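Let's take a walk through a protein together, one region at a time. Keep the sequence and the 3D view side by side as you read.

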Amino acid sequence: MTSHDQKIQDEHYMRMALSLALNGTGSVSPNPRVGCVIVRDSEIIGTGWHKSCGEPHAEVEAVRNAGGNVKGSTVYVNLEPCCHQGRTPPCAPMLIEKGVSRVVTGMTDPNPIVDCRGENMLRDAGVEVTSGVLEKESKWMNRGFIRRMRNGRPWITIKIAASIDGNIALKDGSSKWITNECSRQKVHMIRAENDALLSGAGTVLADDPTFTVREAEGRTPKRVILDRRLRTPLSAALFKEKDLIFFTASDASTEKITGIRELGAEVYTIDAHGCSELEFVMAKLCEIGVNYLMIECGAKLTSSLIRSALADEISLFLAPKILGSGIRFTEYLELGRLDDAISIKDIKTSACGDDIWIRGVFSCSPDL
C-alpha cells in the first residue's frame with residue numbers, strides 16, 4: 001500500500017472513530033469523547049466508544065466488541081490512549097498486552113498526566129504509532145476537554161435569540177417570542193449537548209425560566225445562576241428541577257443561602273482574589289467537571305463575557321423582524337475604534353424556518 005493510500009485509509013477509519021465518539025455527547029464529561037475502530041486485514045473487527053464517566057474507555061469497548069482477539073490489528077482512536085490508572089485501568093498497557101501492531105491517533109492527550117506518555121509507551125513496546133490523523137477534527141470533537149485542561153475553564157458558547165437588527169428584547173424587556181419554534185427546538189438541542197447552562201439573576205427575574213431540555217432528546221444540564229444579591233425568589237420555577245447552582249457575593253444573606261440550599265441547590269460564594277468574578281466562576285465550574293458551558297443571559301452578562309475574551313463560540317438565532325430601539329445583545333459592549341471589532345471565524349449558517357442560525361468561533365478564543 002502506498003503512503004497516499006495509507007493516508008486515505010487512516011482518515012477513513014478515523015472519521016468512523018470520530019462518529020462513534022459523538023455518541024458520548026452529554027454523558028462523558030469531565031472525560032473526553034472518544035471513539036475507537038479496530039481493523040485487521042482491511043476488515044473492521046471491533047468498534048466502541050466511551051459511554052459515561054466511570055465506564056470502560058472506547059478502546060476497551062472496541063476490544064470487547066472484537067471478542068478480545070485483536071492481535072496484529074490496527075487501532076484507530078481519536079485521542080491518545082491513556083497510560084495512567086484513573087476510575088478505569090489504563091488503555092495503552094492493555095493494547096500492548098493484546099498484541100496490537102499499530103495505533104493511529106487523532107491527537108495527543110492534553111491532560112498533563114498523559115501528554116504523549118501513552119504514545120511513547122506504545123512505541124517503546126514495539127507498537128507502530130501514527131499520530132495527528134484528522135487532528136483538527138479531533139481537537140474540535142474535544143474542544144471543551146482541551147479548554148479545561150489547558151486554560152482552566154470550560155468551552156463557552158453564547159446563545160442569542162435576536163431580531164435581525166440585533167435586539168434580544170424591547171425596551172420594556174418583552175422577548176417572548178422573537179424567534180420561531182424551530183429555533184427554540186434547536187436551543188433545547190444545544191442545551192442537551194452542554195454540561196452546564198449559565199444565566200444571570202436579571203434573566204431569571206424577567207422570564208422565570210426553568211432552563212430545562214424539553215423539546216429535544218437528552219438530559220438537562222446543570223443550571224448555574226449568577227446572583228450576587230440573591231434576588232432569585234424561592235418560588236422560582238428553577239427550583240422544580242435538580243442540579244441547580246448559585247454563585248453569589250461573599251456578603252450575601254446567610255438566611256437566603258440557607259433557604260436556597262434547603263431547596264436542594266448548591267451555593268458558592270465568589271472569592272475572586274487575583275482574578276475577575278467571571279474567571280472565578282469558570283474555574284469553579286472546571287473543578288466540578290464542566291467541559292462545555294452554554295450561556296443564556298441578558299445583554300450585560302453577554303457583553304462582559306465577550307469583553308473579557310471568555311467566549312469561545314456564538315450560536316445566534318436571527319428572526320426576520322425589526323424591533324427598533326430595543327435591547328441589543330451587545331448593549332454594554334463599547335469599542336473605541338473600528339480596529340477593535342471582534343471577529344467571528346469558522347462561520348456556519350443554516351435556516352430554522354424563516355429564522356437564520358449562525359454559528360462561529362470568536363477570533364479571541366485561544367487556539368486549541
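**A guided tour**

Start with a pair of facing residues: V39 stands opposite T74 in strand β3. Before going on, bear in mind that this is a predicted model.

Five strands make up an open sheet with mixed pairing, and their order is β2-β1-β3-β4-β5. Why are β2 (43-49) and β5 (128-130) left without a neighbour on one side? Each stands at an edge with a single partner strand, so one of its sides has no neighbour in the sheet. On average, neighbouring strands of this sheet are turned by 15 degrees against each other, direction ignored. Helix α1 (residues 3-21) lies across β1, β2, β3 and β4 (102-105), and runs at about 140 degrees to β1.

Next, look for aromatic rings. How many aromatic pairs does a search of the whole structure find? There are five. One of the aromatic pairs brings together W140 and W155, edge-to-face, with 5.5 Å from centre to centre and 85 degrees between the planes. This pair links distant parts of the chain, since W140 sits in helix α5 (residues 135-141) and W155 in strand β6 (residues 155-163), 15 residues apart. F239 and F246 are both buried.

Charged side chains can be found over rings too. R143 lies over the face of W140, 3.9 Å from the ring centre. Elsewhere, K300 lies over the face of Y332, at 5.3 Å from the ring centre.

Let's turn to the interior. In soluble globular proteins, nonpolar side chains tend to be buried together. Here the largest nonpolar core has 34 residues, and I160, L198, F247, L285, L293, I295 and L305 are those with the most contacts inside it. Several elements each supply at least two residues of this core, including β6, β8 (196-200), β10 (244-248) and β12 (292-295). Which element gives the most to this core? That is α10, with five residues. For a close view, pick L293: not counting residues up to four places away in sequence, L293 touches P154, W155, I156, T157, N194, A196, L197, L198, M282 and L285. Notice W155 from the aromatic pair among these contacts. Apart from this core lies another, of 25 residues, among them I38, I45, V75 and L122.

Finish with strand β16 (residues 355-362), which has β13 as an antiparallel partner over six bridges. Within that pairing, L316 has I358 in β16 as its bridge partner. Strand β15 (residues 344-352) also pairs with β16 in the antiparallel sense, over seven bridges, and C352 stands opposite D355 in β16. The hairpin of β15 and β16 has two residues between the strands, and there G353 takes a positive phi near 65 degrees.

Key:
Residues numbered from 1 in each chain as written. Predicted model: local features only at pLDDT ≥ 70, side-chain atom pairs only at ≥ 80, totals over all residues. Heavy atoms only, no water. Pairing = 2+ DSSP bridges. Helix = DSSP H or I, 4+ residues; strand = E, 2+ residues; numbered from the N terminus. Axes fitted to C-alpha atoms, helices over the stretch in contact; angles between N-to-C directions. Contact = heavy atoms within 4.5 Å. Phe/Tyr/Trp six-rings, centres within 6.5 Å; stacked < 30°, edge-to-face > 60°. Buried < 20%, exposed > 50% of the residue type's maximum accessible area, 1.4 Å probe, protein only. Lys NZ or Arg CZ within 6 Å of the ring centre and 35° of its normal. Core = buried A, V, L, I, M, F, W, Y, C linked by side-chain atoms within 4.5 Å.
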